[in-house]
Amino acid sequence: MKCNDFLKELTDYLDGSLSEGLKAELDEHLHWCRECHVVMNTTKKTIEIYRDNKIYELPDNLRTRLQDAIMTKCKGHKSSKEPS
Ligand SMILES: [Zn+2]
């Protein structure tokens, strides 16, 4: 699983609406990818804030902004695990 795939499933992961198999893949990604771990925590906190305010929709641009940030970081230090 790559960061981009992780991010696509992130909100469903936090909602707990993923299948067991896919959830396990995301868990595994989190084990070695610190960047996605940070994004996951940030998103989780953001969702909790929105829930506290009884707003269930994430802002449209939030996911895009997170995705841009993480992809920039991932490209910055090329992981040896990524195929070249
Ligand atoms: Zn990642």
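**Figure 1. H37 in helix α3.** H37 sits in helix α3 of a predicted model. Helices (H or I, at least four residues) and strands (E, at least two) are DSSP runs, numbered from the N terminus. Is H37 partly exposed or buried? H37 is partly exposed, because 14 C-beta neighbours lie inside 10 Å. The cut-offs: a residue is buried with 20 or more other C-beta atoms within 10 Å of its own, exposed with 12 or fewer, and partly exposed in between, with C-beta atoms placed from the backbone. D27 is 10 residues from H37 in sequence, and their C-alpha atoms are 9.6 Å apart. Residues are numbered from 1 along each chain as its sequence is written. Local features need pLDDT of at least 70, side-chain atom pairs count only at pLDDT 80 or more, and totals for chains, interfaces and linings use all residues.

**Figure 2. The two sides of α3.** The 19 residues of α3 should span 27 Å at 1.5 Å a residue, and the end C-alpha atoms are 27 Å apart, which agrees. The expected span is 1.5 Å times one less than the number of residues. Buried here are C36, V39, M40 and T43. Seen down the axis of α3, these buried residues fall within an arc of 105 degrees, so they line one face of the helix. The arc is taken over directions from the helix axis to the C-beta atoms. Turned away from the buried side are the exposed residues R34, N41, K45, E48, I49 and D52.

**Figure 3. Helix α1 and its bend.** Where does α1 bend? The bend is at E9, by about 50 degrees. This is the angle between axes fitted to the seven residues ending there and the seven starting there. G16 follows α1 with a positive phi, near 75 degrees. D5 is also in α1. D5 is partly exposed, because 13 other C-beta atoms lie within 10 Å. D5 and L26 are 21 residues apart along the chain, with C-alpha atoms separated by 9.0 Å.

**Figure 4. The largest nonpolar core.** Such a core is a set of buried Ala, Val, Leu, Ile, Met, Phe, Trp, Tyr and Cys residues joined through C-beta atoms within 7 Å. The largest has 12 residues: C3, F6, L7, L10, Y13, L26, C33, C36, V39, M40, L66 and I70. Two or more residues each come from α1, α3 (34-52) and α4. α1 gives the most, with five. The buried residues of α1 are C3, F6, L7, L10 and Y13. In soluble globular proteins, nonpolar side chains tend to be buried together. Beyond its neighbours within four places in sequence, F6 is in contact (C-beta atoms, placed from the backbone, within 7 Å) with M1, L26, H29 and C36.

**Figure 5. Helix α2 and the whole chain.** α2 has 13 residues and reaches 19 Å from its first C-alpha to its last, close to the 18 Å expected. One of its 13 residues is buried, so α2 lies largely in the open. The protein chain has four helices and zero strands. Of its 84 residues, 15% count as buried. Mean pLDDT (the predictor's confidence in each residue, from 0 to 100) is highest for α2 (96) and lowest for α4 (78) among the elements. The chain averages 82, and 81% of the residues score at least 70.

Note on methods:
Contact = placed C-beta atoms within 7 Å.
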